[in-house]
Amino acid sequence: MSSESAPGRDVNVDDEKHTTTKVVMISVVAAIGGFLFGFDTSVINGAVKAVTNQFSLSDGLSGFAVSCALLGAAVGAWFAGRIADRFGRKSVMVVGGLLFAIGAVGSAFAFAVWDLILWRVVGGVGVGVASVIAPTYIAEVAPAHIRGRLASLQQLAITVGIFAALLSDAFIANTAGSAENTTWLGWEAWRWMFLVGVVPSVIWAFLALQVPESPRYLIAKGETQRAGEVLREVLGTRSMDAVQRKVAEIKNSMRREHDPSLRDLKGPKLGLLPVVWVGILLSVLQQGVGINVIFYYSTTLWQAVGFKESDAFTTSVITAVTNVVVTFIAIATVDKIGRKPLLTVGSAGMFVSLTVMAIAFSQAGGSTENPTLPDPWGPIAVVAANVYVISFGATWGPVVWVLLGEMFPNKIRAAGLAVAAAAQWLANFAISTSFPALAGIGLQFAYGLYALIALLSFVFVRKAVRETKGRELEDMDEDAPAAAR
């Protein structure tokens, strides 16, 4: 166990520090749920114009067709915790993958806008389930000394999913000549964009059947022998004493009189436990800094700084690649530097870069719909935007998911993460749908608002977030109020 863990435990350090191929591989499988997360939020970008023309949609209805999946994701995240506590993490991963596959097929064959919205919501529910269950499962199987790195795989998978969606959209559109043109089997290209999502969702559901159940879930259900077998595999130890001690620690941290539910989250602070509010606010601030504006509405930004429309999509793909690459920084440092220092540095970087972007767009000429930036503000805005993506991708993107997977006491982990993830999806929906209105007032106003939220995130992390680096999940109970134990 790390030296930062609770004192007085008779646990062999070598047992706790050993990393097995098994735990890495099953964490990779769980993280594929993050790929679905990223893919779903970005795949609509290549299809939205074609869908708008196909069904003659108003701007408002077109925007809702884009963002409705986020509402489905909020619903999926809200219920995922209680379902996972009842039926197991493994079963819920399978269900999440199948829901996403059904949504992808339904969207591809949509014959009207209401039909498309329905299937987008169904797929969104699957993504919401994945957003909760993947970090929960990884946190519950990973040894403490590498838990941060393994949990960061969730965000890495999200960024790869965003990149894969943009890349597949570009390939399909270029092959057909346009997203509206027909291609293979006489189908419009935009339908194939949705259908591609079936592949990763089916793969995830299949692989989820191959991984072991979470040992903490098994112990909660009284299956201590199976839990011990899983722990022995993931810890890579031959010592039965070490396994039995670990089982005993988990059992002690999970003593309760009833099965976990959302009722266990109630507390004295505005109806919820303080740790739940911290999780909710981490989620809201992660989205409140406006990161998805870069991925959902980047065309406006790149055209404003002088890019042709044909080059704007390529530039967005490059930004997505940058987001993938910098996530490796978090994976390499989260268990060395810690969660709180990374979040603090990320908040500072986002505040500075967003402030520069706001100043740059305050110099814009032209209309609010088609702003243009004079020299040298165009290049400055491009540099600031990429510094912003790097600041987020190396810190707040992955680290928030790491914290959400490990900060809650064992008894309320799945339920707490479900509420926090639902809040994140709702915040994503609010930010994404409000940006066009904010941009109508002026991009400097939008980016200035996000800069203010980044500043608030800096203060929040310094005052409210507790470091969890190197601590066993069972130790989180020691910070919890009695009501949560």
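Which helix holds Val 66? Val 66 sits in helix H3, residues 59–87. The model is predicted: local features need pLDDT of at least 70, side-chain atom pairs count only at pLDDT 80 or more, and totals for chains, interfaces and linings use all residues. Residues are numbered from 1 along each chain as its sequence is written, and side-chain values use heavy atoms, leaving out hydrogens and water.

View 1. Helices are DSSP runs of H or I with at least four residues, numbered from the N terminus. Val 66 touches Ile 44, Val 48 and Arg 120, not counting residues up to four places away in sequence. Contact means heavy atoms within 4.5 Å. Ser 42 is 24 residues from Val 66 along the chain, and their C-alpha atoms are separated by 9.3 Å.

**View 2. Helix H12 packs with helix H18.** H12 spans residues 274–288 and H18 spans residues 413–441. Their angle is about 25°, and their axes are 8 Å apart. Axes are lines fitted to C-alpha atoms, for helices over the stretch in contact; angles run from 0 to 180 degrees between N-to-C directions. The two helices are therefore roughly parallel, a label for angles under 35 degrees. The crossing of H12 and H18 is right-handed (the near helix is turned clockwise from the far one by less than a right angle). Contact residues include Val 276, Gly 279 and Ile 280 of H12 and Val 419, Ala 420 and Ala 421 of H18.

**View 3. Helix H16 packs with helix H19.** The angle is about 160°, with the axes 8 Å apart. That makes H16 roughly antiparallel to H19, a label for angles over 145 degrees. The crossing of H16 and H19 is left-handed (here the turn is anticlockwise). Among the contact residues are Phe 351 and Leu 354 of H16, and Tyr 447 and Leu 455 of H19.

**View 4. A nonpolar patch on the surface.** Phe 351, Val 352, Leu 449, Leu 452, Leu 455 and Leu 456 form the patch, with about 480 Å² of accessible area together. Patch residues have over 30% relative accessible area and no salt bridge, and nonpolar side chains (Val, Leu, Ile, Met, Phe, Trp, Tyr) are joined within 5 Å. A salt bridge puts a side-chain nitrogen of Lys or Arg within 4 Å of a carboxyl oxygen of Asp or Glu. Areas come from the Shrake-Rupley method with a 1.4 Å probe; for residues, only the protein chains shown count as cover. H16 (339–361) and H19 (443–464) each supply at least two patch residues. H19 gives the largest share, 4 residues. Val 352 lies in H16.

Conventions
Patches are made of residues with over 30% relative accessible area and no salt bridge: like charges are joined within 9 Å, nonpolar side chains (Val, Leu, Ile, Met, Phe, Trp, Tyr) within 5 Å. Angles under 35 degrees count as roughly parallel, over 145 as roughly antiparallel, 65 to 115 as roughly perpendicular and the rest as oblique.
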